[in-house]
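I opened the model to follow one residue first and then the place where the chains meet. My entries are below.

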Amino acid sequence: MDNYQPIPARPAPVKTVGAVAWMRNNLFSSIPNSIVTILIATFLVQIIPPIVDWAILSANWTGTKEADCTRDGACWVFINAWSQQFFYGSYPTEEIWRINLMLVLLALVMIASFKLPKAIRMKASIIAWLALPFIGMAILDGRLLGLPVVSTDLWGGFSLNVFMAAASIIVAFPFSFLWALGRRSDMPFIRSVSVIFIEFFRGVPVLSLFFMGSVMLPLFFAEGTNVDKLIRVWLVLIFFMSGYMAEVFRGGFQAVPAGQYEAADSIGLSYWQKILLIILPQVIKVSMPNILATFVMLFKNTTFLLIIGIPEVVQTLQTALSNSYWLGGHAVEGYLFVFFVFWASCFGMSVMSRRIERKLNTDKRD
Amino acid sequence: MFKQKTTEEIKASARKRVTGSSGAFYNNPQVRSIVYQILLVAGLLYFFGTIIGNTLGNMEAIGIKTGFDFLSAAAGYDVLMSLISFEATDTYGRIFVVGLLNTILVSIIGIVFATILGFVFGVAQFSQNWLIRKVAVVYVEIFRNIPLLLQVFFWYFAVLASLPGARQSLSLGEAFFLNVRGLYMPRFIGEELAWLFHTSIALAIAGIIFLRRWAKKRQELTGDQFPVLYTSLGLLLGLPLLVLILTGFPFQIEYPALKGFNYFGGISVIPELMALALALSVYTGAFIAEAVRAGIQSIPNGQTEAARSIGLRENKIMSLIIVPQAMRVIVPLLNSEYQSLVKNSTLAAAIGYPDLFNVFVGTALNQTGQAIETIFMTIVVYFVINMIISFLMNRFNNAVALVSR
């Protein structure tokens, strides 16, 4: 008796697999769909090649001055020539290592809070984060460390945006936590003070807060005290941020089941033990994505500092654009560059936020 | 009588039972809570007392008189754009109103266009067409992640500033002109019988509302559908058109005309307003698109499948099943996006659009030195606008909220 010879499976019809099927399903599934596809495709074909040509193929990459931009395309020489200004502002060239040191410290603390051994991770990283803004301030200013003093008018560029955003959110962290607790408190007066504070700083345009910092705050201090403008704006940013973060934390507190509070009470923990050891770790876990989203908002808002005359990166760009050696109209290149820097940072953070969310999501593996 | 005990009372009595005493008085939670609150009140009183004392002292030292008297003083400067008549001799009070109206104008334009963009791109992320999906995602991810200030500058300095001059204006049918100085549109000036036209529009809208109610009731009773959309469109266009023909077009059209170096007549939109409104709409639109996406994603797939199984067409599924349910998630998010749009409209200061913040906190503060008063008044205005938005959106939210039976 012959062995049974199965007939080999026939290949799937061309219509259902591979590129053809994908295009049928996703691009040309119906007549209106096909029309839209063709319209968008022609539009993209029309605009993408000229942009690529302008930005890459016929762009000017090398050189140091305006006259080096001889070809038709973008003049990236402009960005190159001003890159130090864009990143470090007018900070003295021989002291720039201090800014780099600060950024390295920031990165180190960030890595440490993920990679340290579990036993000391929480305590060590909290202390490191809280100390960071003040260490950064001391390094940049230099007075306390015996380095040459760099006055705050010279701080600027993209590093200032990063520093202001990071320093504000870190200092705002403990405050916002207290405001959120206050809003949940049983004590009527503490609760209403917290509500008023939070709603005030959330309801007011951030620009008017900056004006308060630069025009109104000096009036509040006793006569003769002179607080640096950057510090005043920093204070305002801390208040602004703690209002927003308090709401993020409030959401987090609400997400922790009541059983956790009751269980902590039943094993006899004190209020602060309960909050710090049981509740807070869970709150931080659930609010991590929102904390990052709030940070992205703050980071984008640091560009508003330009309006009160602080030389952050957009202000530096405008100075560069009006420089008499570079009057060739490089606005498009300049703005595209700053666009890209901000976009890359913010988009990167939102991708990171999604990854952290997945990593922290220990109870729902999906 | 049985009295409900509070948690604190239960805890206190439990403590008494365990320890045999109510403990030292400073361990009593009620005593503690009162002490904490008294401390907070004292601290706040001291803090504000110092601030107010310092402020008054400082203002006296610089020679600024506190109070709102400056509002009735002549401003002495002109504003770029005003919805009501304004001259340099008018008061700061009038400048306040001019700025307020400009803020409201740009906010309304921004909210309308941001909502349209947001819903179009939010729904487009669920399109069957791969290319449309990708375009929508690229729009959201690009414009959400670039600071608004940069976008305002981009539209103002890069796009609108590169438009042609007045003589080479881009024109549409010799009625609309777009050039570096702004957008010029024809204006309709009503004659005697123009009120008939306005009334007919109002009648048409009332008719549509009535028609919708009637059609809904009929469908609930008989299951028959009535073509509401086409009849409504017909009513909205037909009735006013009929009135226009019968009354013999009671309008004069004022076309913008090139005189010298610029266009005059008609309605003009200054580039500052265009740039700000564009940036606000595109930026907030990206956030609203995300809100719409989140709303649609929150609807379980079973809803779509159930709708398909009873034979609804794809566009009907979206408009009848998915979006109405998604609105419950979308509306609260929309509320906060609208509020942040209004707050962000203060960026007008960066390009010189005369909104409230710019003319009042910017210029009036500089001229009078009344920092506290101007900033206070401006902040109150933004609070009130946001409260109105919140109130309206909450009413809307109640209308779309899940009715639990």
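I looked up B:F188 and found it in strand β4 (residues 187–190) of chain B, strands being DSSP runs of E of at least two residues and helices runs of H or I of at least four, numbered from the N terminus. The model is a predicted one, in which local features need pLDDT of at least 70, side-chain atom pairs count only at pLDDT 80 or more, and totals for chains, interfaces and linings use all residues. Residues are numbered from 1 along each chain as its sequence is written, while chains are lettered from A and ligands numbered from 1 in the order in which they are written.

Leaving out residues up to four places away in sequence, B:F188 touches B:F251 and B:I253 (contact means C-beta atoms, placed from the backbone, within 7 Å).

I then turned to the chains, where 47 residues of chain B are in contact with 41 residues of chain A. On the chain B side, α2(B) gives the largest share, 13 residues.

Helix α7 (residues 188–203) of chain A packs with α2(B) at an angle of about 40°, the axes being 8 Å apart. I therefore recorded α7(A) as oblique to α2(B), since angles under 35 degrees count as roughly parallel, over 145 as roughly antiparallel, 65 to 115 as roughly perpendicular and the rest as oblique. Among the residues making this contact are A:F189 of α7(A) and B:Y36 of α2(B).

Definitions and conventions:
Two residues are in contact if their C-beta atoms, placed from the backbone, lie within 7 Å. Axes are lines fitted to C-alpha atoms, for helices over the stretch in contact, and angles run from 0 to 180 degrees between N-to-C directions.
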